[in-house]
Amino acid sequence: MVLFSGFTVLNGFATTPTEFGICRFIAGLGIGGVMPNVVALMSEYAPEKIRSTLMAIMFSGYSVGGILSAGLGMVLLPSHGWQSVFYVAGIPLLLPLIMKFLPESVGFMVKQGRTQEAADVLSRVQPGSKLKAGEQLEAAAAGKAKGGNVLDLFREGRALQTLMLWVAFFCCLLMVYALASWLPKLMTKAGYGLGSSLSFLLVLNFGAIFGAVGGGWLGDKFNMPRVLMIICAIAAASLCLLGFKSSTGVLYTLIAIAGATTIGTQILLYALGAQFDSMCIRSTGLGWASGIGRNGAIVGPILGGALMAAELPLQATFLAFAIPSAIAAVAMTVFSLREQARHRQHTAPLRTQSATTAA
């Protein structure tokens, strides 16, 4: 947080493109490091039955920040210049209380031998669950395995699903950053004023909150990969429709749906990754998925700039933005099918053993 907040503030003092780029790069290191770790930590503390919902609520803070940034941009840019938007990023530096109240991973504390500290944290999570005399906390068998190795992400039949998760991360972050970077400019090109174009960005992030929380609830009730597959297909359709001239009400609705199904999907992918990977490789898995996805975050704005430079019709530009969403839908379909196959493989020996016992 110190990295991404501090160097974002310094962006407001940059005098050359090189200084600006260096500050953005270092801020990106902080942003990229926070996301996978905070998701892994939330996953560990969230009850299994509502894990996706709670993670989506937690991660919707990303969209709340997007709403605030768009609103602040509308207020600050006309009168205080672009630098003022970066100065606001210093607010997280005033929140040292996070260090005091955010608990450490229980599994990490147990592996370090800090069992009493871990027990105290668990007693706050579930009052009354105190250790009895002679009892002590112990890491689960999976927690004792050597974690942090990227090759572990491809073992035990996990390779195809890991790759599909990476593809979905790449495609979703491509769409998220392409829209965040170019939606105001595209809408301005379509004839809307700057104020209206920034309000579209606000609606995009507002829709993401409902998409994330609603998708998280559906993921807890049904199969998360299938839910993501449907949401990605809806994203592709909404982005295609944005290229056509519509009334203001319809346009705002389509942008809200696009936000719910692009930014919202990205949030749900973190929840899926946290549930797919075991605790000993969870941060590694999310870190790699997020890192692969960040390549999409790089490609998205570049793609948008290339499409704008080519002066393509608005329909063709939004169609290009929709293609990654369709690819992500296919990736989630493959992920879901592989998950079903793995489940059948694990349950087949149990059925055989039950049949033998019955005989």
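Which residues line the largest cavity? Keep in mind that this is a predicted model. The lining is made up of Met 35, Phe 59, Tyr 62, Leu 173, Ile 263, Gln 266, Ile 267, Tyr 270 and Arg 294.

## The largest cavity

In volume, the largest cavity comes to about 50 Å³. Helix α13, which runs over residues 248-276, gives the largest share of the lining, with 4 residues.

Sorted by class, the lining has 7 nonpolar residues, plus 1 polar and 1 charged. Arg 294 is one of the lining residues, and Arg is a type that counts as charged. Gln 266 also sits in that lining.

## The second largest cavity

Of the elements involved, α10 gives the most, with 3 residues.

## Cysteines

If you're wondering about disulfides, the count is 0. To score as one, a pair of cysteine sulfur atoms would have to be within 2.5 Å.

Is Cys 23 buried or exposed? Cys 23 is buried, because its relative accessible area is 11% and the cut-off for buried is under 20%. Cys 240 has a relative accessibility of 27%, so Cys 240 counts as partly exposed.

## Ser 238

Where does Ser 238 lie? Look in helix α12, which spans residues 224-242. Why does Ser 238 count as buried? Its relative accessibility is 4%, and anything under 20% is called buried.

What does Ser 238 touch, once residues up to four places away in sequence are set aside? The partners are Leu 254, Ile 257, Ala 258 and Thr 261. For orientation while you browse, helix α13 covers residues 248-276, and that helix is also the one giving 4 residues to the lining of the largest cavity.

Methods
Residues are numbered from 1 along each chain as its sequence is written. This is a predicted model: local features need pLDDT of at least 70, side-chain atom pairs count only at pLDDT 80 or more; totals for chains, interfaces and linings use all residues. Side-chain values use heavy atoms; hydrogens and water are left out. Buried means under 20% relative accessible area, exposed over 50%, partly exposed in between (1.4 Å probe, protein chains only). Helices (H or I, at least four residues) and strands (E, at least two) are DSSP runs, numbered from the N terminus. Contact means heavy atoms within 4.5 Å. On a 1 Å grid over the protein atoms alone, a cavity is a set of points where a 1.4 Å probe fits but cannot get out, and a pocket is an open set with protein on both sides within 12 Å along at least five of seven lines; lining residues have an atom within 4 Å of a point. Grid points are joined across faces, edges and corners, and a volume is the space filled by probe spheres set on the points.
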